[in-house]
Amino acid sequence: MALMENTSQIFHHILGDFAGFYEQQYQRLLALGIDIRGLPLSHLAFRTKTIEEYLEIRNQLEPFCSANVENIWGGRPISKMELKTPLVLSREASTSLIELIPPEHADEYQDVYKLGLEHIGIVLGEEFENFGKQCAPLITGQQDQGPFCNPFFITFEDQSNVKFYLRSLKEVCILEGKHFDGFYHAIE
């Protein structure tokens with residue numbers, strides 16, 4: 001138990017108040033009439049301000065990971081980091097994947113995306129299409145991230161998001177032919 005608390009404190013130091021961020025997004029969704037309790041969490045996303053910060057945080061997180069998938073998307077690296085031990089966000093929610101995202105390459109996007117804890121990903125499975133229809137007035141948009149990943153998202157006033165997926169981000173990576181069997185760096 002002490003090791004888990006220590007690990008949680010380390011993640012809190014690196015990422016900030018991840019449990020508070022989850023609770024905030026959970027409460028915001030409840031206020032919209034969307035209850036995510038009991039739904040699987042795909043991942044927690046953290047956006048850095050610079051590539052240098054991205055590399056620093058990636059290096060800080062890797063000792064707590066069993067593998068990662070890092071690829072170039074939109075001209076910048078994005079790392080999906082599989083944790084050795086799930087990160088507990090609440091009594092009902094935990095995740096084993098951190099998505100680490102550097103900033104957009106153009107300064108004009110800095111006001112569009114929240115730096116730091118940026119979004120949580122929720123797996124809807126078979127309810128994905130139905131959710132899109134039922135919650136259409138609440139949904140900010142839908143991203144086209146390839147043939148296996150087209151999440152709906154809701155953006156809040158602080159530019160943080162909740163994204164809703166058909167399948168987990170890890171599953172998407174595997175369908176794309178990537179492997180969580182070691183550490184892969186697109187940049188050093």
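User: Is Asp 158 buried, exposed or partly exposed, and what is its relative accessible area?
Analyst: Asp 158 is partly exposed, with a relative accessible area of 26%. Buried means under 20%, exposed means over 50%, and partly exposed lies in between, using a 1.4 Å probe and protein chains only. This is a predicted model, where local features need pLDDT of at least 70, side-chain atom pairs count only at pLDDT 80 or more, and totals for chains, interfaces and linings use all residues. Residues are numbered from 1 along each chain as its sequence is written, and side-chain values use heavy atoms, leaving out hydrogens and water.

User: What does the side chain of Asp 158 meet in a salt bridge?
Analyst: The side chain of Arg 28, at 3.1 Å, N to O. Arg 28 sits in helix α2 and Asp 158 in the loop between β7 and β8, 130 residues apart. A salt bridge is a side-chain nitrogen of Lys or Arg within 4 Å of a carboxyl oxygen of Asp or Glu. Helices (H or I, at least four residues) and strands (E, at least two) are DSSP runs, numbered from the N terminus.

User: Arg 28, buried or exposed?
Analyst: Buried, with a relative accessible area of 15%. Glu 157 is exposed, at 67%.

User: How many salt bridges does the structure hold?
Analyst: It holds 6. One of them joins Glu 70 and Arg 58, at 3.0 Å, N to O. Glu 70 is in strand β2 and Arg 58 in helix α3 (residues 51-61), 12 residues apart. Both Glu 70 and Arg 58 are buried.

User: OK, β2. Which way do β2 and β3 run?
Analyst: Antiparallel, with 8 bridges joining β2 (residues 65-73) to β3 (residues 76-88). Two strands pair if DSSP finds at least two bridges between them. Ala 67 stands opposite Glu 82 in β3.

User: What about Gly 74 in that hairpin?
Analyst: Gly 74 takes a positive phi near 65°, and the hairpin has 2 residues between the strands.

User: Which residue other than glycine has a positive phi near 70°?
Analyst: Gln 159. It lies in the loop between β7 (152-155) and β8 (161-165). Gln 159 is partly exposed, at 27% relative accessible area.

User: New topic. What is the volume of the largest pocket?
Analyst: About 400 Å³. Closest to its centre, of the 21 lining residues, are Trp 73, Arg 76, Ile 78, Glu 99 and Gln 145. On a 1 Å grid over the protein atoms alone, a pocket is an open set of points with protein on both sides within 12 Å along at least five of seven lines, and lining residues have an atom within 4 Å of a point. Grid points are joined across faces, edges and corners, and the volume is the space filled by probe spheres set on the points.

User: How does the lining divide into nonpolar, polar and charged?
Analyst: Into 9 nonpolar, 4 polar and 8 charged. Ala, Val, Leu, Ile, Met, Phe, Trp, Tyr, Cys and Pro count as nonpolar, Asp, Glu, Lys and Arg as charged, and the others, Gly among them, as polar.

User: Last one. Where is Ile 139?
Analyst: In the loop between α4 (128-134) and β6 (141-142). Ile 139 is buried, at 15% relative accessible area.

Technical notes. On a 1 Å grid over the protein atoms alone, a cavity is a set of points where a 1.4 Å probe fits but cannot get out, and a pocket is an open set with protein on both sides within 12 Å along at least five of seven lines; lining residues have an atom within 4 Å of a point.
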